[in-house]
Amino acid sequence: MASSSRDEFSSSFGFVMAAAGSAVGLGNIWGFPTQTAENGGAAFVLVYILLAFLVGYPVLMAEFTIGRHTRMAPPDAYKKLGGGQSYFIIGLLGLVTVGIILSFYSIIAGGMVAYFVEPIGRILGLDGVADWVVSQNTTSNFVFMTIFFLFTLLIVSGGVSKGIEKWSKRFMPLLFMLFIVLVVYVLTLDGAMEGARVYLLPDFDKVFDPQLLTSAMGQAFFSLSLGVGGMLVYGSYTSDKANLTRLGWLVTLCDIGVAIIAGFLIIPAMYAASSLGTEIFDANGALISGPNLIFQVLPSLFDSMGPIGVFVAFVFFLLMSIAALTSSMSMLEAVVAYVVDRTQVPRKRATWYTGGVFWVIAVVIVFNYEALFGLVVTAATEYAQPFLGLAIVVFAGWIIRKNVLLNELKKGQPEIEKTFFYKIWPIFLKVVCPILILLVFLQTFNF
Ligand code: PHE
């Protein structure tokens with residue numbers, strides 16, 4: 001069944017870059033600041049950090065260890081460990097969800113690519129083309145979504161070490177560098193400090209707001225790429241010698257760190273835009289969020305900056321495109337790994353077939369944007385991902401034999417028995433995570 005010579009990451013560094021690449025994406029740089037602005041500023045940040053550590057990290061570790069132990073893609077991995085066909089469904093549901101995420105994600109990411117191309121058009125004097133590129137009509141959305149898809153396909157078809165790992169090792173350091181340069185620059189703009197103040201000011205009345213809890217849980221799952229198989233599959237490509245708990249920490253810290261720092265980029269940038277005359281509040285007096293934030297408020301800030309604005313816009317949207325690409329690679333890989341493991345189809349062809357199916361779904365969403373986009377985003381991120389997370393912790397905590405995952409960790413960490421993690425992780429999987437996820441779930445459905 002499983003193919004005999006599975007590809008592997010060539011180093012722990014490569015693995016961390018790929019997994020952090022999957023985690024750090026539009027969810028961090030765009031989703032997180034937007035959610036923060038909508039949900040009581042720093043109150044949301046605090047709840048998010050708590051959930052990321054208490055629920056996100058234990059689930060991430062479960063995915064890494066299940067992956068490495070079975071060396072299989074999700075449906076087979078769950079089936080093998082659980083000893084029953086019914087567990088296959090958890091993995092399959094994850095792959096369906098990740099395919100849907102890939103489809104809507106590529107549409108937003110295509111927008112990032114468009115705005116990255118726009119300043120180049122302006123510099124070349126092609127103003128008409130530049131205007132069309134960012135017109136966000138159905139045709140331009142379709143074109144740029146397809147371009148983004150092609151990049152994802154090209155990288156994933158190269159394989160794990162020669163595609164995903166190679167490009168993650170190039171892209172992630174570049175992304176960190178661009179990110180820091182931009183944050184430092186934005187914080188020097190007039191009005192930016194007011195934004196930083198608003199970001200840091202918690203509205204504690206909102207901490208127990210059901211909407212805040214649902215959003216923070218959804219955000220934690222989405223941002224750490226959990227439940228849908230991408231992290232499990234990356235785990236299945238790591239060496240037995242790797243110290244998984246440490247690598248998992250690094251990935252979690254990168255993810256949370258980038259999200260928090262992104263708040264210092266986006267919210268201050270909005271206030272800087274406001275001090276230059278751009279409207280940053282909607283009709284209800286709330287900060288503008290969602291697509292209008294990225295595709296209207298920020299571009300208008302860049303426009304009003306004068307000549308340097310073109311350069312800043314270029315850097316910002318390059319950053320967003322790279323962040324999106326290292327995430328979409330892991331989404332596609334989750335499904336491609338399954339096809340490659342289960343069939344005789346060579347990787348390249350498997351990538352194009354699989355990608356083709358999700359591209360068609362993306363096309364359907366592009367052409368029915370109003371009706372479908374919001375619906376699939378909510379269904380996948382607020383319902384399917386936390387539900388799958390719940391299924392995974394129950395599976396890891398209650399269904400599989402007690403020491404399988406702990407013994408798996410021991411391979412790369414002979415000393416692990418002495419650690420605090422070793423003692424509390426099983427309790428988290430068995431009790432703490434299921435209870436926290438369930439509580440948030442129940443209030444999502446207003447029980
Ligand atoms: N973590 C990615 C982000 O924050 C999104 C993602 C979700 C990636 C699910 C893979 C799987 O943008």
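## Basis of the model

The model is predicted: local features require pLDDT of at least 70, side-chain atom pairs count only at pLDDT 80 or more, and totals for chains, interfaces and linings use all residues. Residue numbers start from 1 along each chain as its sequence is written.

Helices are DSSP runs (H or I, at least four residues), numbered from the N terminus. A residue is termed buried if 20 or more other C-beta atoms lie within 10 Å of its own, exposed if 12 or fewer, and partly exposed in between, with C-beta atoms placed from the backbone.

## Helix H15

Helix H15 comprises the 21 residues 347-367. At 1.5 Å a residue (the expected span is 1.5 Å times one less than the number of residues), H15 should span 30 Å, and its end C-alpha atoms are 30 Å apart, which agrees.

The buried residues of H15 are Ala350, Thr351, Thr354, Gly355, Phe358, Trp359, Ala362, Ile365 and Val366. They cover an arc of only 160° around the axis, which puts them on the same side of H15; the arc is that of the directions from the helix axis to the C-beta atoms. An α-helix has 3.6 residues a turn, so residues three or four places apart point the same way. Helices H5 (85-123), H7 (138-157), H14 (307-342) and H16 (369-399) are among the elements that cover the buried residues of H15. On the face turned away from the buried side lie the exposed residues Gly356, Val357, Val360, Val364 and Phe367.

## Packing of H1 on H12

Helix H1 (residues 12-23) packs with helix H12 (residues 244-275) at an angle of about 35°, their axes being 9 Å apart. Axes are lines fitted to C-alpha atoms, for helices over the stretch in contact, and angles run from 0 to 180 degrees between N-to-C directions. On the H1 side, Ser12, Phe15, Val16, Ala19, Ala20 and Ala23 meet Leu247, Leu250, Val251, Cys254 and Asp255 of H12; contact denotes C-beta atoms, placed from the backbone, within 7 Å. By class, this contact has nine nonpolar, one polar and one charged residues (Ala, Val, Leu, Ile, Met, Phe, Trp, Tyr, Cys and Pro count as nonpolar, Asp, Glu, Lys and Arg as charged, and the others, Gly among them, as polar).

H12 has 32 residues and extends 47 Å from its first C-alpha to its last, close to the 46 Å expected at 1.5 Å a residue. Gly277, which follows H12, has a positive phi near 105°.

## Positive phi in two loops

Most residues other than glycine have a negative phi. Arg71, in the loop between helix H3 (42-70) and helix H4 (74-82), has a positive phi near 50°. Arg71 counts as partly exposed, with 18 C-beta neighbours inside 10 Å.

Ser225 has a positive phi near 55° and lies in the loop between helix H10 (210-223) and helix H11 (230-236). With 31 C-beta neighbours inside 10 Å, Ser225 is buried.

Thr419 belongs to the loop between helix H17 (404-412) and H18. Thr419 is partly exposed, with 13 other C-beta atoms within 10 Å.

Tyr422 is located in helix H18 (residues 420-444) and is partly exposed, with 16 other C-beta atoms within 10 Å. Leaving aside neighbours within four places in sequence, Tyr422 is in contact with Leu406, Ile416 and Glu417. Tyr422 and Leu409 are 13 residues apart in sequence, and their C-alpha atoms are 9.2 Å apart.

Note on methods. Contact = placed C-beta atoms within 7 Å.
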